[in-house]
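Visitor: Hi! I'm new to this one and would like a friendly tour. Can we put it on screen and start with the surface?

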Amino acid sequence: MLILSYLFFAAPYLIAIGFALLLVVLLVLATNSPWVVIALLGVAMVAEAAAIHPLALNFGLWIYPSDAFAGITAGALLFRLLFMGKRKLVPMAWWVFGGVQFVLFAWGLAMYGTSAGVDYRPHFSAWAGAAYLATFTQDERFIRRLLLAVQFIAYGMMAVAIFRWVGSAIDPVFARKVDYFVTTGVPFRVLWSPPTFVIGMAMLISIFYAATDRLKGGHWLLGMLFAAFVLILQHRTVWVAGLGGVGMLAFVLSKARAGVGMKMAAAGVGLVVLVGVLATSLQGVSGSIQSQAKSAVSSGGTFQGGRVTSWVALLKDWTGSGSPSTYLVGKPFGSGYDRYTSEFAKEAVHNQPHNYYVHLLLRGGLIGLAAFLWVMWHAAAALRRQLAAGDTHAPLLLAILTALLLYYIPYAVGYDHAIFLGLLLGAIMKDRATRKNEVAALKQTASSAIKTDTKTQAAI
């Protein structure tokens with residue numbers, strides 16, 4: 001009994017020491033291999049998607065799976081920057097963007113305490129994850145493995161959705177728990193928008209490989225499977241972002257590769273057939289999808305109605321602040337998003353804005369928003385040049401960029417976007433290195449020509 005009492009007394013300390021050692025090991029591994037971080041990202045995303053209520057441990061502060069990912073990623077990034085000479089692999093605008101938000105976090109921490117951290121954590125996780133991935137050489141093999149990781153994460157999300165659909169069908173008690181996700185009366189919506197967006201990106205990846213690789217059949221089937229889940233989960237924003245990405249992919253590939261336009265048209269026909277099969281085989285899916293499609297373009301829909309009213313109210317508060325610091329860098333994290341959506345509203349709205357660009361004006365100001373848009377613009381320019389040079393993955397990355405820009409109209413960034421943003425940062429730096437090498441080669445050629453001409457004249 002005495003031994004057991006000692007064991008029970010020591011157990012919390014042993015567990016804490018074990019967690020600390022595990023974090024140290026993961027941090028050391030992450031300084032050299034990105035796949036540790038990618039695995040952590042996948043586990044965190046699937047774990048949070050599988051938890052009906054927020055998944056967290058209380059260590060004085062509530063720690064979420066995304067916080068573990070952000071902590072290890074930030075530590076590994078810092079080591080690679082300071083001791084491995086990777087500082088120049090991250091675009092300056094990304095440093096400006098992250099620096100402004102970090103200052104707002106420190107400011108908010110001093111004024112509002114831990115609420116600033118709650119407000120800041122998704123922004124920091126995405127920033128640090130993208131910067132970390134940009135410090136690795138992104139050759140074709142690296143990019144393909146990253147995209148394969150996105151597909152595997154999507155499989156995990158789909159497994160969670162299937163479990164909830166089946167569990168809801170056979171267990172009324174479990175069905176009531178899953179109703180937590182049906183916040184707008186949409187049946188079959190058992191995942192939030194971020195996990196569904198990852199499935200949509202996996203669909204884009206499969207369609208791209210189906211149109212460009214030799215193993216077309218398997219990729220087409222995977223693309224249709226991912227598309228089916230995106231349809232059934234019924235997040236209208238993901239529909240719009242996914243269609244925008246597919247449209248960009250079809251446009252770019254039809255210009256770059258002969259015959260791809262017909263393949264993409266065939267994919268469109270297959271998607272229509274898929275919708276028809278779902279409509280006839282799954283009771284309730286057809287009417288729900290039709291209802292969501294109508295509401296997406298009606299008052300209060302995805303890109304208009306109540307959300308726009310909320311954006312306008314926040315923008316009025318921002319423009320009417322009269323504060324130069326608010327215009328330049330926004331307000332500190334933790335200061336809240338209170339606004340009245342009309343002159344007659346009796347209660348203020350407190351939730352975060354359903355628009356990442358508006359969000360950046362509030363938590364980054366004109367400097368933060370301009371830095372972020374600079375990165376997106378230069379990523380697009382770099383990918384266009386790489387597309388002209390025949391880069392394999394440039395068409396897909398342009399499609400992903402398009403989907404992200406559309407998704408950010410009603411939603412914000414999250415740590416789950418680290419892979420996509422990291423690939424875009426890598427494209428910028430790859431393009432910069434290519435152009436630098438081209439300039440050096442031209443200078444070398446010009447120098448050789450001058451020397452040859454000088455020798456010729458001397459001989460004469």
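Visitor: What does the accessible surface of the protein come to?
Guide: The accessible surface comes to about 22,900 Å², and 70% of that belongs to carbon and sulfur atoms. Such areas come from the Shrake-Rupley method with a 1.4 Å probe, and for residues only the protein chains shown count as cover. Please keep in mind that this is a predicted model, where local features need pLDDT of at least 70, side-chain atom pairs count only at pLDDT 80 or more, and totals for chains, interfaces and linings use all residues. Residues are numbered from 1 along each chain as its sequence is written, and side-chain values use heavy atoms, with hydrogens and water left out.

Visitor: How many helices and strands are there in the protein?
Guide: The protein has 18 helices and 2 strands. Helices (H or I, at least four residues) and strands (E, at least two) are DSSP runs, numbered from the N terminus.

Visitor: And what share of the residues is buried?
Guide: Of the 460 residues, 45% are buried. Buried means under 20% relative accessible area, exposed means over 50%, and partly exposed is in between (1.4 Å probe, protein chains only).

Visitor: Let's do helix pairs. At what angle do α2 and α3 cross?
Guide: Helix α2 (residues 34-50) and helix α3 (residues 65-83) cross at roughly 165°, with axes that come within 8 Å. That makes α2 roughly antiparallel to α3. Axes here are lines fitted to C-alpha atoms, for helices over the stretch in contact, and angles run from 0 to 180 degrees between N-to-C directions. Angles under 35 degrees count as roughly parallel, over 145 as roughly antiparallel, 65 to 115 as roughly perpendicular and the rest as oblique.

Visitor: Which residues make that contact?
Guide: From α2 there are Val37, Leu40, Leu41, Ala44 and Glu48, and from α3 there are Pro65, Ser66, Phe69, Ile72 and Thr73. Contact means heavy atoms within 4.5 Å. The residues of this α2 and α3 contact divide into 7 nonpolar, 2 polar and 1 charged. Ala, Val, Leu, Ile, Met, Phe, Trp, Tyr, Cys and Pro count as nonpolar, Asp, Glu, Lys and Arg as charged, and the others, Gly among them, as polar.

Visitor: How does α2 pack with α6?
Guide: Their axes are 9 Å apart, at an angle of about 20°. That makes α2 roughly parallel to α6. The contact residues of this pair divide into 13 nonpolar, 2 polar and 2 charged.

Visitor: What about α6 and α8?
Guide: Helix α6 (residues 140-170) and helix α8 (residues 193-212) have axes that come within 8 Å and cross at roughly 130°. That makes α6 oblique to α8. Among the residues that meet are Leu147 and Met157 in α6, and Val198 and Tyr209 in α8.

Visitor: New topic: where does His219 lie?
Guide: His219 lies in helix α9. His219 is buried, with a relative accessible area of 13%. Not counting residues up to four places away in sequence, His219 touches Ser206, Tyr209, Ala210 and Asp213. The C-alpha atoms of His219 and Tyr209 are separated by 6.4 Å, and the two are 10 residues apart along the chain.

Visitor: And His235, is that buried or exposed?
Guide: His235 is buried, with a relative accessible area of 4%. This residue lies in the loop between α9 (216-233) and α10 (236-256). Leaving aside neighbours within four places in sequence, the contacts of His235 include Arg189, Trp192 and Val230.
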